[in-house]
Amino acid sequence: MRNPLILFFLLAVLSGCASNIQPTRMENHQPLPPGNGVVAVQVINNTEALGALHDHWTEVLVMRTDNIEAIKQAAVEKSGVKDIDPDLLEWEPDFYSLVPSTQGVIDSQLFVGTMPEGSYLITKLYSYYSDGNVSSWLSMPVGFSAGKFDVRNNQITNLGTLGFQPLLNVKSASFWNNTSAQKAYVARLDEQQHLEKFVLNQYPKIAETLDLQAIGSWQQDQLDEIRMKLGELSRANAYGDDAIALNQFARGAIAAKFGQLRVLGHDGQWFQVDLPTNAQVASVLELDHQIAVGGERGQLFVANGWHDHWQILSPVPASEAILWMGKGKGSYYALTRSAMTHSVYQFEHIQHEWKKIGSFNQKPANGGWVQNGGLFPLINAKGQIRILNDNQKSDFDVTTGQWIVSESEPLVKMARLNDGVLMGLSVSQWDGVGDQIISFNDGDAWQTIQRHLYFLGDGKTERSLPAMTEDGVVVSLGRVVANNGDSALKLISAKRDRLSDQEAWQHHGASKAGCETMLPELTDKNMLYFLCDQGQVVRTADFGEHWETVVPMDIAGMQQEFEEFIRVAKEQAMKTAATAEGESL
């Protein structure tokens with residue numbers, strides 16, 4: 001018998017050139033094929049994006065394992081040579097492709113499909129990009145990092161969450177060319193939600209025929225304990241880049257992957273809140289005596305305090321993700337998204353009915369020949385909700401129940417500070433990302449912040465927003481050229497009433513390498529916060545002269561645990577092979 005690890009790597013190679021990859025798409029108006037079951041797995045990338053051209057995975061490749069010997073035997077019979085080694089012949093396992101659903105998610109991906117009854121192994125995560133001019137693809141092997149699972153006739157197999165965990169910086173040009181197994185891993189996480197409920201809601205006619213008495217999952221084996229440790233480490237070191245300004249319960253927070261919130265307390269200390277979900281969370285609303293956190297699949301988490309019990313509500317359909325919530329004059333508002341369609345809700349109490357008051361379609365950022373702006377909500381000075389959507393702004397009139405539409409500046413990115421100031425990034429028809437801009441009147445007018453960067457872009461710095469200190473000093477990152485012609489990224493600043501005066505801008509300390517994304521929502525007095533490429537958060541109180549890491553990432557700990565997983569997996573494979581060899585004697 002072959003060593004199981006060698007067998008897996010052989011089959012992983014085969015999956016790269018497989019010609020018989022079968023689709024698994026389900027149609028709600030059609031029944032499941034006879035002998036088939038349903039598989040659901042959530043995949044979360046514990047990083048901002050996979051690469052410059054790849055935000056997410058485009059498919060999960062699955063291999064059937066229980067019929068491999070039958071396929072080999074068929075190849076032998078076809079060859080007409082009775083005693084030939086089947087591995088010398090051409091044969092392929094059965095592969096199946098799961099594709100993601102775009103409904104109800106933010107950064108997570110839910111892959112759902114139907115496959116024949118049998119045993120399976122996820123061989124790889126795959127991402128493909130093409131715009132007609134450029135084609136690119138990425139893949140990440142999975143195999144025994146996740147384990148095997150069974151599909152049963154007319155049943156659902158809920159595989160829960162898989163986390164893709166980079167151990168090196170994915171923004172490095174060499175990351176995907178690195179052949180080391182230690183560059184990243186894929187781990188299982190403890191189940192936090194019932195994915196089968198989403199499947200049943202999305203495919204009600206198929207659900208009528210399913211046997212829901214037993215929900216399938218992963219096969220148990222000796223590697224489960226260490227798999228869970230890897231998942232727990234990823235969860236504890238969840239990547240988050242969505243900063244939220246708060247007032248009552250904390251100074252601010254960062255919404256992260258795997259149901260994690262990093263909270264900046266009023267004492268300047270950080271702590272982490274573990275919500276009962278593996279999905280992405282995105283919004284926080286401070287009520288009079290409660291906190292509400294919105295996330296994917298229409299879920300809302302409500303508690304009396306950060307460390308109290310979280311009640312789970314579902315005020316909107318599971319096909320929508322709650323992106324934002326805000327308090328207006330006499331009402332609360334929420335913005336949800338399902339694919340590219342956004343819905344606006346109004347409610348008087350968090351547990352009362354949410355009334356839908358509007359719907360907006362967001363344009364793709366790259367519209368071919370035209371670069372489009374994004375969609376951003378805010379509460380204006382009148383306490384009304386305003387939606388900035390590409391080149392239009394829409395204000396909701398609570399008296400008439402109508403939306404008043406006018407022209408607006410298209411934005412790539414936007415943040416609203418506690419004092420109502422808006423920090424934005426304009427759209428450029430050249431490469432999509434334009435100038436930093438600032439508005440003191442809810443986006444009715446914008447001022448440009450002049451700064452110097454490399455002509456062809458400057459990495460994360462180009463997409464970073466400016467911040468403003470308590471005394472009205474606007475701070476950004478810009479390139480400062482020395483007398484010898486060398487340039488360096490430094491913090492630059494000017495008073496808010498002198499932004500257009502080039503002589504008013506001052507140069508300060510250098511930026512921290514790899515930490516060029518400013519988090520303006522978290523600025524406290526003169527304390528500035530920046531996000532690093534791998535999720536760490538650093539801060540400076542003296543405009544870059546000194547830096548302090550306040551949210552670390554335990555990359556070394558994850559690396560060590562993954563190396564232990566590889567060691568244990570190899571030992572187990574050798575034991576299995578030795579046992580099989582002894583039995584054959």
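Student: How many helices and strands does the chain have?
Tutor: Happy to start there. This is a predicted model, in which local features need pLDDT of at least 70, side-chain atom pairs count only at pLDDT 80 or more, and totals for chains, interfaces and linings use all residues. Residues are numbered from 1 along each chain as its sequence is written, and side-chain values use heavy atoms, with hydrogens and water left out. Taking helices (H or I, at least four residues) and strands (E, at least two) as DSSP runs numbered from the N terminus, the secondary structure comes to six helices and 39 strands.

Student: What is the radius of gyration of the chain, and what does the globule rule give?
Tutor: The radius is taken over C-alpha atoms, and the rule is 2.2 Å times the number of residues to the power 0.38. The C-alpha atoms fill a box of roughly 85 × 65 × 50 Å along the principal axes. The chain is as compact as a globular protein of its length, because for 585 residues the rule gives 25 Å and the radius of gyration is close to that, at 26 Å.

Student: What share of the residues in the chain is buried?
Tutor: Buried means under 20% relative accessible area, exposed over 50%, and partly exposed in between (1.4 Å probe, protein chains only). Of the 585 residues, the buried ones make up 56%.

Student: Which cysteines form a disulfide?
Tutor: A disulfide here is a pair of cysteine sulfur atoms within 2.5 Å, and a search of the whole structure finds one. Its sulfur atoms are 2.0 Å apart, and the partners are Cys-515 and Cys-532.

Student: How many residues apart in sequence are the parts that this pair ties together?
Tutor: Cys-515 lies in the loop between strand S35 (506-510) and strand S36 (517-518), while Cys-532 lies in the loop between strand S37 (528-531) and strand S38 (537-540), so the pair ties together parts separated by 17 residues.

Student: Which residues cover the two faces of strand S18?
Tutor: Let's begin with the neighbours: strand S17 (residues 291-295) pairs with S18 in the antiparallel sense over four bridges, and S18 pairs likewise with strand S19 (residues 311-313) over three bridges. Ala-292 stands opposite Val-302 in S18, and the bridge partner of Leu-300 is Leu-313 in S19. Both faces of S18 (residues 300-303) are covered, and the buried residues are Leu-300 and Val-302 on one side, Phe-301 and Ala-303 on the other.

Student: How many residues of strand S33 are buried?
Tutor: S33 pairs in the antiparallel sense with strand S32 (residues 467-468) over two bridges, and with strand S34 (residues 487-495) over nine bridges. Strand S33 (residues 473-481) is largely enclosed by the rest of the structure, because the buried residues among its nine number eight.

Student: Which residue takes a positive phi in the hairpin of S33 and S34?
Tutor: In the hairpin of S32 and S33, with four residues between the strands, Gly-472 in the turn has a positive phi of about 80 degrees. The hairpin of S33 and S34 has five residues between its strands, and there the residue with a positive phi, near 95 degrees, is Gly-485.

Technical notes:
Pairing = 2+ DSSP bridges.
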